Amino acid sequence: WGRYPKQCFLSEVQRHEQLVKAAKNLEKELKAREQEHVETKSAIQALEGDDKDFATVLGNGQRALEGGDFEEAKHALAHAEFLHEKMVHSGGANTPAEQRQEEELKRFAKDVVEKEARM
């Protein structure tokens, strides 16, 4: 044990089959958890990207509406609705981001209808 403690420890562990099995199971579980963490982080980043796209599209639609381009505003509204539905279907839960997007969509749709009616 004096000169090579790691090798001695590993050789002792190898003599106990239950320890080896438990270590292998633990290693598998840790790898699975790490994979889940990576997938979750990736999904969160994708949703954040979709939320930024949503805000950009809605901002473009608002500028088009202010400029009197109702067709472009309607196109932006449809695109924003598509991005919102994409987020809803990928998230699965009614998150605060989804609720905020829904409120923004309703507000923008109301603005489009009101401004177009005045023209």
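**Packing of helices H2 and H4**

Helices H2 and H4 are roughly parallel to each other, a term applied to angles under 35 degrees. The model is predicted, with pLDDT of at least 70 required for local features and 80 or more for side-chain atom pairs, whereas totals for chains, interfaces and linings use all residues. Residues are numbered from 1 along each chain as its sequence is written, and side-chain values use heavy atoms, without hydrogens or water.

H2 spans residues 17-66 and H4 residues 96-118; the angle between them is about 15° and their axes lie 11 Å apart. Axes are lines fitted to C-alpha atoms over the stretch in contact, and angles between N-to-C directions run from 0 to 180 degrees. Helices are DSSP runs of H or I with at least four residues, numbered from the N terminus. The crossing of H2 over H4 is left-handed, the near helix being turned anticlockwise from the far one by less than a right angle.

Contact (heavy atoms within 4.5 Å) involves residues of H2 including Asp 51, Phe 54 and Leu 58, and residues of H4 including Arg 100, Gln 101 and Phe 108.

Asp 51 belongs to helix H2. Beyond its neighbours within four places in sequence, Asp 51 contacts Met 87, Arg 100 and Gln 101. The side chains of Asp 51 and Arg 100 form a salt bridge at 2.6 Å, N to O (a side-chain nitrogen of Lys or Arg within 4 Å of a carboxyl oxygen of Asp or Glu). This pair joins H2 to H4 across 49 residues. The whole structure contains 8 salt bridges.

Note on methods: Helices (H or I, at least four residues) and strands (E, at least two) are DSSP runs, numbered from the N terminus. Angles under 35 degrees count as roughly parallel, over 145 as roughly antiparallel, 65 to 115 as roughly perpendicular and the rest as oblique.
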